[in-house]
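Good morning, colleagues. I would like to take a few minutes to walk through one structure and its charged side chains. Please have the display open as I speak.

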Amino acid sequence: MLTLLLHPVRLRIVHAMSGGRARTVGDLCADLADVPRTSVYRHVGLLAEAGVLEVVGEQRVHGAVERTYRLQRARTVIDRDMAASMSLEDHRAAFATGLGVLLSEFNAYLDREGADPFADSVGYTQSTYWLTPDELADLIRQVQAVMTAHRGNGPAAGRRPYLLSPILFPTGGAIGEGDA
């Protein structure tokens, strides 16, 4: 499953399908305007075959069958066990894919007519926090609680999707007791 998800286009499709929205390939092509239509079809097919996308509807459109898909979120999660079993190279590939997707999504946003980073509250900042293991665990719990509180929001009047990508890793070695 990891190899399937660690592809920039497939990961962008997963992002576009999040929030419980049922989407057609045409909808996805509109969201991923920088990706060739044939590529979107191919990657949706791979995700559907693997059970990441579920067909929730079909209708005839101009003689062809148009399918509507819904994301099976549980199939996209890299849980603790999977993360623990990943090699350093797997983690490197996952991180690089994630960064590539972030860049693609941000560029697609900037290329949209009417893009206004200030009005849209776009933010990108990095901060270093000095934390004990207990403080780190507390920070992670707090961030997860805030994200979980809003994760179930679906499409509704006045809402638009935002991509939130917290990234957390240590930047250096620990300071010894005498160094502080």
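Predicted model: local features only at pLDDT ≥ 70, side-chain atom pairs only at ≥ 80, totals over all residues.

Let me begin in helix α6, where R92 and E89 are three residues apart and therefore separated by about one helical turn. An α-helix has 3.6 residues a turn, so residues three or four places apart point the same way. These two side chains form a salt bridge, with the closest N and O atoms 3.1 Å apart. R92 counts as exposed because its relative accessibility is 53%, while E89, at 49%, counts as partly exposed.

The protein chain contains seven helices and three strands, and their order along the sequence is α-α-β-α-α-β-β-α-α-α. Its C-alpha trace spans about 75 × 40 × 30 Å along the principal axes. Of its 180 residues, 20% count as buried. The accessible surface amounts to about 12,900 Å², and carbon and sulfur atoms account for 54% of that.

Turning to charge, the chain carries 18 positive and 21 negative side chains, with the centres of the two sets 9 Å apart. The salt bridges number seven.

What links R12, D34 and E105? The three residues are joined in a network of salt bridges. The side chains of R12 and D34 meet at 2.9 Å, N to O. This pair links distant parts of the chain, since R12 belongs to helix α2 and D34 to the loop between α3 (25-31) and α4 (37-49), 22 residues apart. R12 also forms a salt bridge with E105, where the closest N and O atoms are 3.4 Å apart. Here the partners are 93 residues apart, with E105 located in helix α6, residues 88-111.

Is R12 buried or exposed? At 3% relative accessibility, R12 counts as buried. E105, at 17%, counts as buried too, because the cut-off is under 20%.

The setting of R12 is also of interest. Helix α2, residues 8-17, has eight of its 10 residues buried, so this helix is largely enclosed by the rest of the structure. Among the buried residues are V9, L11, I13 and V14, along with R10 and R12. Just after α2, G19 adopts a positive phi of about 85 degrees.

Finally, the surface. Y129, L131, L136, I140 and L168 form a nonpolar patch there, with about 460 Å² of accessible area together. One member, I140, lies in helix α7, residues 133-151, and counts as partly exposed because its relative accessibility is 31%.

Thank you for your attention.

Conventions: Residues numbered from 1 in each chain as written. Heavy atoms only, no water. Patch = residues over 30% accessible without salt bridge, like charges linked within 9 Å, V, L, I, M, F, W, Y side chains within 5 Å. Areas by Shrake-Rupley, 256 points an atom, 1.4 Å probe, with all protein chains shown as cover. Salt bridge = Lys/Arg side-chain N within 4 Å of Asp/Glu carboxyl O. Helix = DSSP H or I, 4+ residues; strand = E, 2+ residues; numbered from the N terminus. Buried < 20%, exposed > 50% of the residue type's maximum accessible area, 1.4 Å probe, protein only. Lys, Arg positive; Asp, Glu negative; His and termini not counted. Charge placed at Lys NZ, Arg CZ, Asp CG, Glu CD.
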